[in-house]
Amino acid sequence: MALRARVVTDSLGKTRRLGKRLERGGEGEIFALQERPDVIVKWYYPEVLDKRGDELRRKVEAMRELRDAHMTRDVCWPLIRVFDDEHRWIGFAMYRARGVRMGFLAHALLYQRYFPGLDRRHIVGYLLRFIEVVQQLHRAGVCIGDYNLNNIFCVPSTQEVTLIDCDSYQLRMGGTFYPCPVGSPDMTPKEHQGVAFRDIVRSPRSEAFSLAIVLFKCLMLGRHPYDIVGGDDPVRNLRRGNFAYGRGQRDVPQGAWYALWRELPESIRDMFVTTFTVGANAPSRRATTAQWHAALTDYRQRLEDGKCSRELTRPSAQQTTQVLHAR
Amino acid sequence: MATYQLNSSSDLIENPSPRCACMLVLDTSASMFGQPIRELNSGVQAFISAIKEDDMAACSVELGVITAGGKVTEQLPFTTAMNISQCRRFVASGLTPLGAAMDLALDRLEERTAAYRKAGVAYYQPWLVVISDGVPTDQWQAASARARSLAQQRKMVVMPVGVEEADLDALGAFSTRPAKRLDGLKFREFFLWLSASMSRVSASASTTEQVRLPPTDSWDSI
């Protein structure tokens, strides 16, 4: 098969050559743009365009209208319409995110390879920045919906955070509601479990639950809040508000996880416990993004002042036994 | 065996990734002698290397290998891909006790998922891949009913693959999905597809939902 450079055009008909294919996602492919290393192109699959092309295009257009200078820096927002060589709309161009997926940070065995020298201050720094970006989106009436650590990029040794895969976000524009049609049950609050993602209306309260899972996974180096010894899968535990780390619980997974938990300030532990137990059922009981921001700002200060340990307990550093979990 | 259990138990404690168990049941009977067994061996090696190149998948995929060639042999007990240094090369000989091999595979998968639950480790639907170039030469009906029922309940993905003159009906009986026929000896292409599928599963934030798999046109034939 002959290899030929794919050519796309912008809305003025100017042609551009695509570079390497960088990703193959569920809905389309991401390409580099030749001569512009900072820009990438999302090209929806032909079958996706056949089925939902008009809908996707309307949503992307609505997003383009909403953009502002801040948003385009922190979020890989659709910026430029892209057409194929026959001038059919096939997707959009956006800035390329820098950094490493948060999934590699929230991983006890991998973080050192991807984030050398990482300590609690850095994690809290990324999380604060992440919350600020989420708050900025919420102020613009946008909800992320599909919270996924692989869609959050962090630049090692800085506090930069960039979000990718934004064309799935939920927004309202000129009286039209554009749902977030994707998600994963492991990150979805109880009130939205079992509902088709495209029929869900996300709210700051539902977002606060998913956001708390992201925070927990980062501070706990990859543990999901609803991973429970001898329990069911995380989704069933989530539906029951079955959170292992609350008071009087005994089902924390073995290892250094409980030690990691104990290192967190009490205020933050309380917020997790409330959000993941009573808050699973009662959205109004969940800690809000503003409360998380305040608590983590306070934690960062205490870390800076040396009042809390900055070090991350390594899961292998300590052979823990059941004694640690007993209360 | 003892060392393996020691490693695996600390692995379930230290590694927070949700797991995807992937058991390969391979027909290594005498009819696989020559080119087929060589291609199968290099395909399995390519699979392990490809998984290890993807850090997320390497932490998530646990590979087990059982061969049916003359007798049933557990070549590799479930091991997280990042901890696999090498997998033995298989030799082709004897008949095809595929029924017994599948029974053992199902036992091992059950034990493994029980260990995940006990350790509080989330897991994706386990995969059971069975590859054969013939017909099972032992009693296989009970094992196939057991595998098919687990596939029906969505507790397991069972993927039967036939090579050359394989009996696709017998292989298909192990699953709810029809057996696919490998195009020639494209073991390598098959295993690269399998590793791409495993990468996609382990990149998914969802342990309970089906993942869209890459197309199989690089290796299957009609």
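User: At what angle do the axes of α5(A) and α6(A) cross, and are the two helices roughly parallel or antiparallel?

Analyst: In this predicted model, the axes of helix α5 (residues 120-139) of chain A and α6(A) come within 11 Å. They cross at roughly 165 degrees. Angles over 145 degrees count as roughly antiparallel, so α5(A) and α6(A) are roughly antiparallel.

User: Is the crossing of α5(A) and α6(A) left-handed or right-handed, and how does their contact divide by class?

Analyst: From α5(A), the residues Ile123(A), Leu127(A), Val134(A) and His138(A) take part. They meet Pro204(A), Glu207(A), Leu211(A), Leu215(A), Cys218(A) and Leu219(A) of α6(A). The crossing is right-handed, and the contact of α5(A) with α6(A) has eight nonpolar, one polar and one charged residues.

User: What span should helix α6 of chain A have, and how far apart are its end C-alpha atoms?

Analyst: Helix α6 of chain A covers residues 204-219, which is 16 residues. At 1.5 Å a residue, the helix should span 22 Å. The computed separation of its end C-alpha atoms agrees, because it is 22 Å.

User: How many residues of α6(A) are buried, and which residue just after it takes a positive phi?

Analyst: Helix α6(A) is mostly covered, with 14 of its 16 residues buried. Just after the helix, a positive phi of about 50 degrees is taken by Leu221(A).

User: Is Arg101(A) buried or exposed, and which residues does it touch beyond four places in sequence?

Analyst: Arg101(A) lies in strand β7 (residues 100-101) of chain A. Because it has 20 C-beta neighbours inside 10 Å, Arg101(A) counts as buried. Leaving out residues up to four places away in sequence, Arg101(A) touches Leu149(A), Asn150(A) and Phe153(A).

User: Are α2(B) and α7(B) roughly parallel or antiparallel, and how do the residues of their contact divide by class?

Analyst: Helix α2 (residues 35-53) of chain B packs against helix α7 (residues 187-203) of chain B at an angle of about 25 degrees, with the axes 8 Å apart. Angles under 35 degrees count as roughly parallel, and therefore α2(B) is roughly parallel to α7(B). The contact includes Phe47(B) of α2(B) and Phe191(B) of α7(B). Its residues divide into 12 nonpolar, three polar and two charged.

User: How many residues does each chain give to the contact between chains A and B, and which helices of chain B each supply at least two?

Analyst: Chain B gives 22 residues and chain A gives 30 residues. On the side of chain B that touches chain A, there are nine nonpolar, seven polar and six charged residues. The helices of chain B that each supply at least two residues of that side are α1 (2-14), α3 (55-60) and α4 (98-119).

Methods
Residues numbered from 1 in each chain as written. Chains lettered and ligands numbered in written order. Predicted model: local features only at pLDDT ≥ 70, side-chain atom pairs only at ≥ 80, totals over all residues. Helix = DSSP H or I, 4+ residues; strand = E, 2+ residues; numbered from the N terminus. Expected span 1.5 Å × (residues − 1). Buried ≥ 20, exposed ≤ 12 C-beta atoms within 10 Å, placed from the backbone. Axes fitted to C-alpha atoms, helices over the stretch in contact; angles between N-to-C directions. Parallel < 35°, antiparallel > 145°, perpendicular 65-115°, else oblique. Left-handed = near helix turned anticlockwise from the far one by under 90°. Contact = placed C-beta atoms within 7 Å. Nonpolar A, V, L, I, M, F, W, Y, C, P; charged D, E, K, R; others polar.
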